[in-house]
Amino acid sequence: MKTIGLIGGMSWESTLEYYRIINETAKVKLGDFHSAKCLMYSVDFQEIEVLQHENRWEELTDIMVNVAEKLKSGGADFVVICANTMHKIASAIENRLGIKVLHIAEVTGEKIIQNRMKKVGLLGTKFTMEQDFYKKVLKENFDIDVIIPDENEREIVHKVIYNELCKGIIDKVSKMEYIKIINNLALNGAEGIILGCTEIPLLIKQEDVNVPVFDTLKIHAVSAVEFALNK
């Protein structure tokens, strides 16, 4: 098994789920007392969040590359960024360090294609929904068309992530707002919905909506084990 290098803490609530799912998957696949070989560096999300909202991506890149370098030096064979938004920096890590970053949009795209879908809705931070780094991977690698909520809905999705979910707050009113937004995306032609922030699955489950949802956290975590076991 390859050693997985996890960059966590963005937020730690979802990083907990990564660690749990990765080790549960390793046990299912290998049996007995097996668990995953992994290293984790958990950042201080306060620092990351401030730089994100101040649009200081060069500084964020330096931080993430530095963290990935620590993981590589510690023996990690590849890197898993435990957050959708910070995949904006994935290619910079690969280019500077020459280490594989298991891209969350790529493994999600593979699942979407397996389900024979060509048009999906995307929920996430405003950075993920509005910028091209995530949607571009899906379009160029898998020819998947991505639609996003309208401006007001994007603001709601973004605020709930940072003001509630990243702080461990699960609010019933916010859940209903998300369900309404998901239903609107389905009405606009989305065959499935990408839960493109690793905190969103803390709020929205498949049983909450009629349209298929893609839990990027679970897909990413399971794929990390599969990649680690692939010889």
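Modeller: Let's start with a term: a salt bridge is a side-chain nitrogen of Lys or Arg within 4 Å of a carboxyl oxygen of Asp or Glu. This is a predicted model, where local features need pLDDT of at least 70 and side-chain atom pairs count only at pLDDT 80 or more, while totals for chains, interfaces and linings use all residues. Residues are numbered from 1 along each chain as its sequence is written, and side-chain values use heavy atoms, with hydrogens and water left out.

Colleague: How many salt bridges does that rule give?

Modeller: One part of the tally is a network that links Lys-118, Lys-139, Asp-143 and Asp-145. Elsewhere, Glu-54 and Arg-56 meet through their side chains, N to O, at 2.3 Å. By the rule, the count is 13.

Colleague: Which residue forms a salt bridge with Glu-226, and how far apart are the closest N and O atoms?

Modeller: Helices here are DSSP runs of H or I with at least four residues, strands are runs of E with at least two, and both are numbered from the N terminus. Glu-226 sits in helix α10 (residues 216-229) and its partner in helix α1 (residues 12-30), 197 residues apart, so the pair links distant parts of the chain. The partner is Lys-29, and the closest N and O atoms are 3.7 Å apart.

Colleague: Is Glu-226 buried, exposed or partly exposed?

Modeller: The labels go by relative accessible area: buried is under 20%, exposed is over 50%, and partly exposed lies in between (1.4 Å probe, protein chains only). Lys-29 has 42%, so it is partly exposed. Glu-226 has 39% relative accessibility, so it counts as partly exposed.

Colleague: Which residue does Lys-126 form a salt bridge with?

Modeller: Lys-126 belongs to helix α6 (residues 126-130), and the partner lies 29 residues away in helix α8 (residues 151-163). At 25% relative accessible area, Lys-126 is partly exposed. The closest N and O atoms are 2.8 Å apart, and the partner is Glu-155.

Colleague: On to the sheet: in what order do its four strands come?

Modeller: Two strands count as paired if DSSP finds at least two bridges between them. Here β1 and β2 share five bridges, and β1 (residues 4-8) is joined to β3 (residues 78-81) by four. The edge strands, β2 (38-42) and β4 (100-101), each pair on one side only. The sheet is open with parallel pairing, and the order is β2-β1-β3-β4.

Colleague: Which residue of β2 stands opposite Gly-8?

Modeller: Strands of a sheet pair through backbone hydrogen bonds, either parallel or antiparallel. On the β2 side, Gly-8 is opposite Ser-42.

Colleague: Which residues of β1 point the other way from Ile-4, Leu-6 and Gly-8?

Modeller: In a regular strand the side chains alternate between the two faces of the sheet. Five of the five residues in β1 are buried. The ones pointing the other way are Gly-5 and Ile-7.

Colleague: How are α2 and α3 oriented, roughly parallel or roughly antiparallel?

Modeller: Axes are lines fitted to C-alpha atoms, for helices over the stretch in contact, and angles run from 0 to 180 degrees between N-to-C directions. Helix α2 (residues 45-53) and helix α3 (residues 57-73) pack at about 150°, with axes 8 Å apart. Angles under 35 degrees count as roughly parallel, over 145 as roughly antiparallel, 65 to 115 as roughly perpendicular and the rest as oblique. That makes α2 and α3 roughly antiparallel.

Colleague: Last one: is Thr-198 buried or exposed?

Modeller: Thr-198 is in the loop between β7 and β8. Contact means heavy atoms within 4.5 Å, and, leaving aside residues up to four places away in sequence, Thr-198 touches several others, including Met-10, Tyr-18, Asn-84 and Leu-217. With 1% relative accessibility, Thr-198 counts as buried.
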